[in-house]
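I opened the notebook to record what I looked up in this structure. The entries go from the whole chain to single contacts.

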Amino acid sequence: MKNYDVIVVGGGLAGSATTYHLSLLGYKVALVEQGNIASGASGRNGGQVLQCEGKDKNPDVLLGRLRYTKGNIKLLKEYEKDLDMDFQFRQVGSLDLVTSEEELEEVKEIYEVQKKIKDDEVVLLDDAEFHKEFPHFADFICGARFRWSDGNIFSLNLVNGLVDGSKKLGADIFTWHKVDKVVIESGKVKGVKAKGLRFASERVVLATSFWTKEILPGFGLKIFPHRPICCISEPYPEIRGPAFEVVMGDDITWGATQFQGGHLLVGGGAGRPRALEEQHDYVLDWADMVRSAAALAKIFPKLGDVSIIRCWTGTVGFTIDGFPLVGKSSFGEGLYIIGGFPAGMGLIPYTAKLLADLIADREMEVDLEPYDPDRFNDVRIELPERYNYAILEDYLGRL
Ligand SMILES: Cc1cc2nc3c(=O)[nH]c(=O)nc-3n(C[C@H](O)[C@H](O)[C@H](O)COP(=O)(O)OP(=O)(O)OC[C@H]3O[C@@H](n4cnc5c(N)ncnc54)[C@H](O)[C@@H]3O)c2cc1C
């Protein structure tokens, strides 16, 4: 039996960042991953670093989120210096695109709230200003909110950089070790069982996204799966301001990013509504690919013919209020959770650092109270029988 100060389960961005920050604080950490490092959502995403997604107009919610996302941007810059890995952080900005007069009015309202709370990194662009600044986009886009401090990263590299950094600080990394069970005796965490081995610790962090329900009986659907799709083009000369979100028709939200090599990435949550068990199906069908390619062509008609070289899917962990679960869990003394990030690039590293501070009983720059993992303990969570992003958006009424 191996003994550790802390065991972290899950080798995605949440688990690797938590391991790194605990290792920096001098803890002996084991990171246990069921497959390869970043084999879940963290190795399959679009890499957009967005600070405020969605259409929230509540000033407290907007301000609350910025407390974490600003810390996150600062931390990404520190990682650029501290990690021996180029994760291609490019602060190219992000666009919340508008496609109708009605949507423009809504975006204006959000912009006014942002001005009031002195969120001064955001600019509102009308039709003419937008097309002057961003000439590659289709004419049906009639304005945008632009945040210059957003951008994108290559998440696979970031996760591997954090894992390498943790190893150098003394962490042990176990890949292809599926944790079957968290061992809890008399209400206290004692470790985990994986591959017939027992790893002992009085502190366990579950960074296992929607899989958490499999190893923590009674956890249920507090983090549930959703399956977006991505496609990537052949390299294209740099275009301006490419990280963006747009709602097209009544059911698709697409985001896109251009990587350092010039590849354009388009992703989204469309596709046929699927049952919960199918949200973890990594096999794409033709309809998925055609839809992604059509979205790229619709948004960038002015680019001419661009070939799609790869399509893939992955599974995101969602929560019913759209916010992650980060902090102490009442499921056992010594148990911590970090998961349920629909768009984690703008949040995970900083919340992982805060979690490490919480575990180490250190003073925290910002508390994690809004992300309390116990906040749904008394809520009965039921989901539509089949869902895609549009159905979820409508059902949850907040995205
Ligand atoms: C197609 C797609 C596009 C996306 N685009 C963006 C984007 O542009 N910007 C953005 O911010 N976010 C994006 N996301 C979301 C982003 O990827 C997630 O927010 C983030 O990766 C979540 O990280 P995580 O560590 O919580 O989860 P994951 O990366 O899924 O990690 C969880 C890990 O736990 C492991 N695990 C589970 N059970 C066990 C077990 N029993 N034992 C051991 N290990 C276990 C899994 O194998 C997995 O590696 C996208 C996601 C997808 C799928």
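**Entry 1: domains.** I first noted that domain bounds come from an automatic or database domain assignment. For the protein chain, that assignment gives domain 1 (2-44 + 156-222 + 320-385) and domain 2 (90-149 + 225-318). Residues are numbered from 1 along each chain as its sequence is written. I also wrote down that this is a predicted model, in which local features need pLDDT of at least 70, side-chain atom pairs count only at pLDDT 80 or more, and totals for chains, interfaces and linings use all residues.

I looked up the spacing: the centres of domain 1 and domain 2, taken over C-alpha atoms, are 30 Å apart. For contacts I used the rule that two residues touch if their C-beta atoms, placed from the backbone, lie within 7 Å. By that rule, 10 residues of domain 1 are in contact with 9 residues of domain 2. The side of domain 1 that touches domain 2 has 5 nonpolar, 3 polar and 2 charged residues. Here Ala, Val, Leu, Ile, Met, Phe, Trp, Tyr, Cys and Pro count as nonpolar, Asp, Glu, Lys and Arg as charged, and the others, Gly among them, as polar.

**Entry 2: the ligand.** Which residues come nearest to the ligand? I found G12, G40, G46, G314 and G344, out of 43 residues around the ligand. A residue is near a molecule or strand if its C-beta atom, placed from the backbone, lies within 6 Å of it. By class, I read 16 nonpolar, 23 polar and 4 charged residues in the shell. Domain 1 and domain 2 each supply at least three residues of the shell.

I then checked the elements, where helices (H or I, at least four residues) and strands (E, at least two) are DSSP runs numbered from the N terminus. Helix 1 (13-24), helix 6 (212-215) and strand 21 (316-318) each give at least two residues to the shell. Helix 1 gives the most, with 3 residues.

**Entry 3: helix 1 and its partners.** Axes are lines fitted to C-alpha atoms, for helices over the stretch in contact, and angles run from 0 to 180 degrees between N-to-C directions. Angles under 35 degrees count as roughly parallel, over 145 as roughly antiparallel, 65 to 115 as roughly perpendicular and the rest as oblique.

I found the axes of helix 1 and helix 5 (residues 155-168) within 8 Å, crossing at roughly 30°. Helix 1 is therefore roughly parallel to helix 5. The contact includes L13, S16 and A17 of helix 1 and L158, V159 and L162 of helix 5.

With helix 8, helix 1 packs at an angle of about 45°, the axes being 8 Å apart. The two are therefore oblique to each other. Among the residues that meet are A14, T18 and H21 in helix 1 and A352, L355 and I359 in helix 8. This contact divides into 10 nonpolar, 2 polar and 1 charged.

**Entry 4: helix 2 and helix 8.** I found the axes of helix 2 (residues 59-82) and helix 8 (residues 348-359) within 7 Å, crossing at roughly 95°. That makes helix 2 roughly perpendicular to helix 8. Y68, G71, N72, L75 and L76 in helix 2 meet P349, Y350, T351 and K353 in helix 8. These residues divide into 5 nonpolar, 3 polar and 1 charged.
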